[in-house]
Each structure stands twice: as C-alpha cells, then as structure tokens.
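Trainee: I have just opened a new model and would like to learn how to read it. Could we go through it together, feature by feature?

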Amino acid sequence: MPRPETPLLDQVNIPADLRELNEDQLSQVADELRQETIDAVSETGGHLGAGLGVVELTVALHHVFDTPDDRLIWDVGHQSYPHKILTGRRDRIRTLRQGGGLSGFVKRDESEYDPFGTAHSSTSISAGLGMAVGARLDGRKSNAIAVIGDGAMSAGMAYEAMNNAGAEDARLIVILNDNDMSIAPPVGAMSGYLSRLISSGTYQSLRNTAKAVAKHLPKPLEIGAKRWEEFARGMVTGGTLFEELGFFYVGPIDGHNLNHLLPVLKNVRDAEESGPFLVHVVTQKGKGYEPAENSADKYHGVSRFNVITGKQDKPVSNAPSYTAVFGETLTKLADEDDKIVAITAAMPSGTGLNIFEKSHPERTFDVAIAEQHAVTFAAGLACEGFKPFTTIYSTFLQRGYDQVVHDVALQNLPVRFAIDRAGFVGADGQTHHGSYDLAYLGCLPNFVIMAPADEAELVHMITTSAAINDRPSAVRYPRGEGVGVEMPMRGEVLPIGKGRVIKQGSKVAILSLGTRLEDSLKAAEMLEAKGLSTTVADARFMKPLDQDLIKKLADDHEVFLTVEEGSIGGFGSHVLEALSDMGCLDKGLKVRTLSMPDAFVDQDKPALQNEKAGLDALSIAKKAMTALGFEESDIAALA
C-alpha cells in the first residue's frame with residue numbers, strides 16, 4: 001500500500017520549519033501528520049489513539065512556542081508520536097518500539113526536543129515546575145509546558161506539584177488534555193471566544209486590578225468582591241479548583257480547532273502576569289481515524305494493522321495468557337469466597353480484572369492512576385477481614401512502595417499482590433520492564449513471594465495466595481502467553497516455601513525461579529549431550545526459600561546455578577546468602593547467579609532481551625560449562 005502524500009509535512013523537519021509556515025497552512029499540516037502517524041503505527045504497532053487525539057495540539061504548540069528552548073513535556077509519553085515526527089525523527093518513525101529503533105515514549109537521550117522522560121504518568125507538572133524555576137534562577141525567559149491527560153491527573157503527585165506551583169513565580173503552563181472527562185462543558189464557538197477573552201492581557205489586567213482594589217475595601221465589601229469574581233469565573237470557565245491551587249485557568253477549548261488553540265496559546269505565551277497557567281483542552285482519542293474512534297479503547301495499544309480496514313494482525317496462540325489465567329482463576333475463587341475483592345490502578349483489561357469484573361462488579365475497584373492509594377486502600381480492606389488482590393504491573397507497583405512497606409508489611413496485613421508484567425516486556429522497553437519487584441519485595445519481613453514456571457503453576461499460586469491469611473503475599477508473572485501445559489480443573493494450595501525437582505542429575509544443579517524453567521530444561525539437555533548430568537529444580541518461592549532443597553542441591557552437585565528474570569539483588573542474592581549461612585561455599589561449590597544485567601534494557605522482542613541478558617537456554621548451558629573450566633572451543637560448540 002503506498003504511503004500517504006504529505007507535501008506540506010515534507011517541508012517540516014524540525015519545529016523551526018513549522019514556525020515558518022502561515023497559520024492557514026497548519027490545518028493541512030495536521031491532516032498530513034495524522035495520516036503519517038496512522039501509516040507508521042500500522043507498520044510497527046504501538047499506542048495510536050492518544051497520539052491521534054493531540055495532532056492539532058502538537059502542531060499548535062510547536063508553532064507557537066520556541067521549542068526546544070521552551071521545554072515541552074508530554075505526559076504520558078505514548079501520545080508523543082506526532083511530536084517525534086515534527087522533531088527530526090520522521091525518518092525513523094517506522095522503527096518505533098523495535099530493537100535499535102525509537103522508543104515508544106519520550107526519552108531524553110533520543111532528542112533535544114524531549115526534555116524529560118515520561119513513560120509513567122503524572123510526572124510532567126513536577127518536572128515542568130523544576131524547569132521553570134531553573135529558568136527563573138538563570139534569568140532566562142522561557143516557558144515550561146506540561147501536557148497532561150485527564151487520566152494522569154488522578155495521581156496525587158500531579159496535585160502535589162500544582163499545590164507547589166501555585167506558590168511559585170515561574171513560567172509554567174499546564175495543558176490539561178481532557179479526552180475522557182464527562183464533566184467538561186460543551187465546546188463550541190462561545191467557549192472558544194471566552195477562552196480567548198480570559199487569556200488576553202486585557203482580562204488579566206482587569207482581574208489583577210479587581211483583586212488589588214478588593215484588598216483595600218472594607219472587609220464585607222472585600223469578601224463580596226472576591227466572591228463575585230469567583231462566581232463569575234466559575235460561570236464562564238468551571239476552573240475553580242485550579243484557581244484555588246493558584247493557577248490562572250483558561251478553557252475549555254476545542255483541541256482540534258486551530259482557530260481556538262493558536263490565539264489562546266499565544267496569549268498565554270505572551271502574558272506578562274507571573275505564575276502558572278492551566279489551559280483546559282478537550283480532545284478525542286483516535287480522532288480522524290474511524291476504526292479508532294469506534295473502538296472501545298480508541299486503539300489505545302495496537303499491533304500491526306491494515307490502514308483501510310483497521311484489522312489488527314494478532315497472532316493466534318495455543319496457550320492462554322498469564323493475565324487471562326489470573327483473571328479467570330481469581331473469578332472462580334471469588335465465586336466461592338465472598339471476601340475476595342480485586343483492585344486495579346486504571347488497568348482493568350491489562351491486568352485481567354475485566355474478566356473478574358463481569359462476574360463480580362461490586363467487588364472490583366478501579367482506583368485510577370493512584371498506585372499509592374490502591375495499596376493502602378487494600379490494606380484497609382484487609383483490616384476489615386476481606387481478601388484484597390491488588391493487581392498492578394511490576395513497574396507501576398514501584399510507585400506504591402512506601403505504602404507496601406509501611407501500610408502492609410509493617411502491619412503484617414494479608415494483602416495479596418498480583419504482579420503482572422514481571423520480567424522483560426518487549427516493545428515498551430526499559431521503563432516498563434518488571435525488573436525490580438523481587439529485590440524490592442524480597443527485603444521486606446513477613447512477605448511470601450511466589451513466581452510460577454507456567455500457567456498451571458499460576459493457578460496454584462493464586463489459590464495459595466487466597467489461602468494466606470496471616471501475612472502479605474505476592475505472585476509475579478510475565479506478560480504474554482503461557483507455555484501450553486495442561487491446565488488444572490482447580491488450584492491447589494501449595495506448601496509454603498517448598499520447591500520441586502523437575503529433573504534429577506548429579507553434576508550441575510540449576511535452580512530456576514519463574515518462567516525461565518523451560519529454558520533451564522533446554523540447557524540441561526545441552527549439558528547432558530556433553531556428558532554433564534544435570535538437575536533442574538523449580539524454586540516456586542523466593543520467600544521463604546526452600547532451605548532443605550538448596551542444601552541438597554549444594555551438597556550433591558559441583559556447580560550450582562540460579563536463574564531468574566529479575567534484577568541483581570533478587571532471588572540469586574537470597575540463595576547466595578542462604579548458601580553462605582549453611583557453610584556450603586566453604587566446600588568448593590561453584591555458584592553462579594544468572595539475572596538481568598545491571599543496566600536499563602531497551603525495547604526489543606522479549607526472547608532477544610533474554611538472550612542478550614544471558615537468560616536463554618544456550619547462555620545457561622555456557623555458564624555451567626565455564627564454571628567447570630571447559631575450553632572456549634568446547635563452549636562455543638554448544639551453539
């Protein structure tokens with residue numbers, strides 16, 4: 001299929017080129033930019049709906065503001081594809097989310113037009129305020145513009161930042177990209193007119209004059225004047241909350257109408273008044289692409305697709321996804337136990353809780369992007385005798401860590417954490433890998449931590465977690481499909497802290513935690529072919545460790561390998577400490593720990609990420625042979 005013709009967009013390599021165009025040309029640029037975005041994502045997959053919703057806004061911002069000297073921060077960064085096209089990366093836009101290609105999010109070391117990395121939400125206002133204050137301290141008159149979605153505004157950090165910003169004399173402009181708020185007033189010509197009026201210098205001057213005059217009036221009149229101003233602004237803008245936080249509120253305005261956007265952004269840019277502005281812009285996810293507009297999730301995240309039909313190219317798997325297995329298992333358990341409740345932080349379908357919600361809507365709680373609240377909310381439910389399953393991606397649970405420590409672990413509350421996207425996640429890259437949960441949970445007293453080797457084991461571990469009523473527990477599992485094992489009709493409650501031996505040998509011991517078990521078994525086959533008898537065991541639990549199993553593997557083998565899809569400081573570190581305490585390291589045992597590298601790993605296919613990390617079958621086998629002192633030529637022959 002031929003690529004769309006984009007004669008005006010072809011003239012824009014960087015935003016400075018865009019600023020050379022006439023305003024009456026910008027609508028065509030936006031149309032061409034939308035088509036280019038659709039075409040590129042159809043080839044790579046990625047986040048589509050959010051980017052399509054901000055096409056006109058992206059064009060307007062880069063036309064009005066002097067980027068990159070004016071700092072433009074996109075929150076969350078998956079809406080930044082049009083921004084990438086306009087900022088010198090169009091020639092690489094079809095490498096999005098691929099190994100060696102462009103990140104699917106905003107990334108500082110990718111472009112000078114990306115002043116702050118934003119792959120987790122709700123950080124832009126804090127970062128923008130820091131940049132605005134930095135400019136003020138340097139004596140520079142530049143703007144910091146934070147574009148934040150209404151979903152990201154549900155996080156407490158956004159309000160912490162706004163509360164601070166209202167007290168600072170800094171040139172911070174927050175663009176509230178409202179693409180889902182039902183409370184937004186209708187957007188039309190009158191709204192656009194009022195927004196231009198309110199953001200104008202004349203209105204600002206009158207408003208400041210009125211405030212100054214009110215201060216010198218007798219108290220009853222001063223109070224009356226202030227109330228009248230608040231009433232009037234509430235009538236025309238609905239921005240009372242933001243005004244109370246110290247922001248000058250403008251909006252709402254139509255985010256797809258450049259005739260509304262451009263004058264308002266110019267007024268805000270040229271405002272002499274100090275202090276922060278909030279411009280409320282109403283947009284539509286998936287705007288301009290009918291399949292996305294008609295989709296329930298507005299094509300939030302897509303695989304490769306046909307541009308004409310919108311049909312996505314999704315491979316069919318013979319095995320269920322871990323996410324689906326979790327959702328189905330928890331639903332069955334809740335059918336029999338009315339104390340089970342489920343909590344997610346704005347990711348019901350991503351965590352499988354959409355399955356649970358169909359059967360138990362009254363016991364499903366989506367708290368929005370508020371992981372800290374989700375954890376403590378679950379702790380409160382546990383106090384009342386309920387069995388909360390707090391279901392959050394590994395990378396997002398990091399945001400609620402203080403609450404995990406102080407509100408759950410310290411009080412020994414039986415909150416259950418279902419940690420999705422553990423390990424490498426592929427195309428979302430370094431910001432979304434579930435790298436650290438074993439390390440950051442493993443150091444906490446009272447926790448039970450499990451990791452299934454396959455989808456059947458996940459059923460047993462969710463069942464086990466539901467039965468643990470005296471302390472917190474966590475089950476971590478990866479993104480994607482299982483390995484295709486036979487599924488149990490019912491889950492079993494596993495003995496806490498006990499692993500299992502899968503294959504018995506005598507020379508090399510491989511102790512795997514989680515879904516690296518399949519590669520560990522393949523590695524054992526390679527080693528057996530070299531005459532090296534190999535035991536493979538599935539730890540099942542990181543905490544508490546199976547001390548008896550670890551001691552037996554150490555006593556009966558010459559080489560002991562641990563394998564995990566997690567960072568250093570995790571499972572292998574705990575096993576090493578146990579071996580040290582048991583005196584096993586004093587007997588000449590050769591121990592090697594295989595984990596994720598001590599580095600942030602870029603986007604790629606998960607299999608390639610594991611290969612580069614040395615966690616695939618070949619790497620495991622080579623590690624064992626190296627420990628045994630084999631020659632380089634013998635080790636190379638494994639490949």
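Trainee: How many bridges join β10 to strand β11, and in which sense do the two run?

Mentor: Let me begin with the general idea: strands of a sheet pair through backbone hydrogen bonds, either parallel or antiparallel. Two strands are said to pair if DSSP finds at least two bridges between them. Here, 5 bridges join β10 to β11 (residues 416–420), and the two run parallel.

Trainee: What should I know about the model and its labels before going on?

Mentor: This is a predicted model, in which local features need pLDDT of at least 70 and side-chain atom pairs count only at pLDDT 80 or more, while totals for chains, interfaces and linings use all residues. Residues are numbered from 1 along each chain as its sequence is written, and side-chain values use heavy atoms, with hydrogens and water left out. As for the labels, helices (H or I, at least four residues) and strands (E, at least two) are DSSP runs, numbered from the N terminus.

Trainee: Are the residues of β10 buried or exposed?

Mentor: The general idea is relative accessible area: buried means under 20%, exposed over 50%, and partly exposed in between (1.4 Å probe, protein chains only). In β10 (residues 387–393), 7 of its 7 residues are buried. Both faces are covered, with Lys387, Phe389, Thr391 and Tyr393 on one side and Pro388, Thr390 and Ile392 on the other.

Trainee: What is the order of the strands in the open sheet of 7 strands?

Mentor: The order is β9-β8-β10-β11-β13-β12-β17, with mixed pairing. At the edges are β9 (364–366) and β17, each pairing on one side only. From one strand to the next, the twist averages 20°. Within this sheet, β12 (residues 448–450) and β13 (residues 473–476) pair in the parallel sense over 3 bridges, and Met450 has Val475 as its bridge partner in β13.

Trainee: Which strands does helix α14 touch?

Mentor: For packing, contact means heavy atoms within 4.5 Å. For directions, axes are lines fitted to C-alpha atoms, for helices over the stretch in contact, and angles run from 0 to 180 degrees between N-to-C directions. Helix α14 (residues 322–336) packs on the sheet, touching β8, β10 and β11, and its direction makes about 150° with that of β8. Helix α16 (residues 371–383) also packs there, touching β8, β9, β10 and β11, at about 165° to β10.

Trainee: Which strands stand at the edges of the open sheet of 5 strands, and why is one side of each left without a neighbour?

Mentor: That sheet has the order β2-β3-β4-β6-β5, with parallel pairing. Its edges are β2 (71–75) and β5 (248–254); each has a single partner strand, so one side of each is left without a neighbour in the sheet. Inside the sheet, 6 bridges join β4 (residues 172–178) to β6 (residues 277–282), and Asp178 stands opposite Val282. Helix α4 (residues 55–64) lies across β2, β3 and β4, at about 165° to β2.

Trainee: Which residues have the most contacts inside the largest nonpolar core?

Mentor: A nonpolar core is a set of buried Ala, Val, Leu, Ile, Met, Phe, Trp, Tyr and Cys residues joined through side-chain atoms within 4.5 Å. The largest one has 54 residues, and Leu61, Ile175, Val279 and Tyr289 have the most contacts inside it. Helix α2 (residues 26–44) gives the most to this core, with 7 residues. Apart from it lies another core, of 49 residues, among them Leu381 and Leu441.

Trainee: Why does Asn143 count as buried?

Mentor: Asn143 counts as buried because its relative accessibility is 8%. This residue is found in the loop between α6 (124–138) and β3 (144–149). Its side chain makes a polar contact (a pair of N or O atoms within 3.5 Å; within protein, one must be able to donate a hydrogen and the other to accept it, and residues adjacent in sequence count only if both atoms are side-chain atoms) with the side chain of Arg171, at 3.1 Å.
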